[in-house]
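Here's a quick tour of a protein model, written for someone just starting out. Have a look at the picture first, then read through the points below.

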Amino acid sequence: MIRITRKVEFSAAHFYHNPNFSAEENRRVFGKCNNPHGHGHNYVLEVTVAGEPDPETGMVLDLKELKDILQREVVERMDHRHLNYEVPELAGKIPTCENIAAVIWQLLDPQIKQGKLDRVRLYESPDLFADCVANGQAATGGHA
Amino acid sequence: MKISLSRRYRFAASHRLHNAKFTAEENRRLYGKCNSPYGHGHNYVVEVTLTGPVDPATGMIANLGELDPFVEREVVEVFDHKYLNEEVAEFQNRVPTTENVAREIFRRLKPFPAAHLERVRIEETSKNSFEFCG
């Protein structure tokens, strides 16, 4: 099996706020991330697809196709948007790295027709990232 | 699909790879430059990976407001700007290779109460890394 990975970046705003918490609880649980004016990140997304290379093309999945899928499903939805207000898939969820990565997995999984979606890694900053991996797949290390 | 959260921390420390059971010649042959008697140092990067349910109320596997001070206390304060061979108890009788450092850091972080410690991965330099999953 071969794994191929494509990287893409998007910039977005968010803040963390749970309407079921008091203002005090929100500040205590979410700290600076609770600032109602929001703040932003340059997110870096790495998407890995696993499979056997097609004997005719030598490719697991044409990286151009993966690039187009990432552009359509992720960048157009999230780039230069406010994740709390402008991404319906995140409505009602706190837009943490974990939740955004899970939404990206749900968006991409049905679009990958050749090979299988193996890992979604979303960096909020170089020092913080969430991984979604296929069931039964051990989380793999490695830093871009 | 399984979700994990990873956070990277840094510390700078010196060490010397030397085993008192070996002869001076054996130590030099085995550890090479790392056996230099005065020690040498690295900028270590510690990547901590946690798994567990994402709390729907917070959207989080673990709150960095809890994880950061825990790692700071258990690892950074213990290792940063120290000579590992002499100033970290674990390495007074164990060679402070990054394999052993990874295992010690895993042991120190395992009790983190809010999530499951899945992996500790350490970059000793930008060219090598070591992982321990328990």
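## Two chains, one briefing

Chain B has 4 helices and 5 strands, where helices (H or I, at least four residues) and strands (E, at least two) are DSSP runs numbered from the N terminus. Heads up: this is a predicted model, in which local features need pLDDT of at least 70, side-chain atom pairs count only at pLDDT 80 or more, and totals for chains, interfaces and linings use all residues. Residues are numbered from 1 along each chain as its sequence is written, while chains are lettered from A and ligands numbered from 1 in the order in which they are written.

**Chain B at a glance**

- The C-alpha trace of chain B spans about 60 × 30 × 25 Å along its principal axes.
- Chain B has 134 residues, and 31% of them are buried (a residue is buried if 20 or more other C-beta atoms lie within 10 Å of its own, exposed if 12 or fewer, and partly exposed in between, with C-beta atoms placed from the backbone).
- Take the contacts in chain B with a separation of 6 or more: 69% of them come from residues 24 or more positions apart (two residues are in contact if their C-beta atoms, placed from the backbone, lie within 7 Å).

**Chain A at a glance**

- Chain A has 3 helices and 5 strands, and its pattern along the sequence reads β-α-β-α-β-α-β-β.
- The C-alpha atoms of chain A fill a box of roughly 60 × 30 × 25 Å, taken along the principal axes.
- In chain A, 32% of the 144 residues count as buried.
- For contacts in chain A between residues at least 6 apart in sequence, 65% join residues at least 24 apart.

**Strand β4 of chain A and its partners**

- Strand β4 (residues 116–125) of chain A has 7 of its 10 residues buried, so it is largely enclosed by the rest of the structure.
- On one pairing, β4(A) runs antiparallel to strand β2 (residues 39–51) of chain A over 7 bridges (two strands pair if DSSP finds at least two bridges between them).
- In that pairing, A:Arg119 of β4(A) stands opposite A:Thr48.
- β4(A) also pairs with β5(A), again antiparallel, over 6 bridges, and here A:Arg119 has A:Val133 as its bridge partner.
- A hairpin through 2 residues joins β4(A) to β5(A).

**Where the chains meet**

- 24 residues of chain A are in contact with 22 residues of chain B.
- On the side of chain A that touches chain B, α3 and β5 (128–133) are the elements giving two or more residues.
- That side of chain A splits into 13 nonpolar, 7 polar and 4 charged residues (Ala, Val, Leu, Ile, Met, Phe, Trp, Tyr, Cys and Pro count as nonpolar, Asp, Glu, Lys and Arg as charged, and the others, Gly among them, as polar).
- β5(A) and strand β1 (residues 2–15) of chain B run antiparallel, joined by 6 bridges; A:Cys132 has B:Ile3 as its bridge partner in β1(B).

**The nonpolar core**

- The largest nonpolar core has 55 residues, and those with the most contacts inside it include A:Ile100, A:Ala101, A:Trp105 and B:Ile61 (such a core is a set of buried Ala, Val, Leu, Ile, Met, Phe, Trp, Tyr and Cys residues joined through C-beta atoms within 7 Å).
- Helix α3 (residues 97–108) of chain A gives the largest share of this core, 8 residues.
- Leaving aside neighbours within four places in sequence, A:Ala101 is in contact with A:Val120, A:Leu122, A:Ala130, A:Cys132 and B:Ile3.
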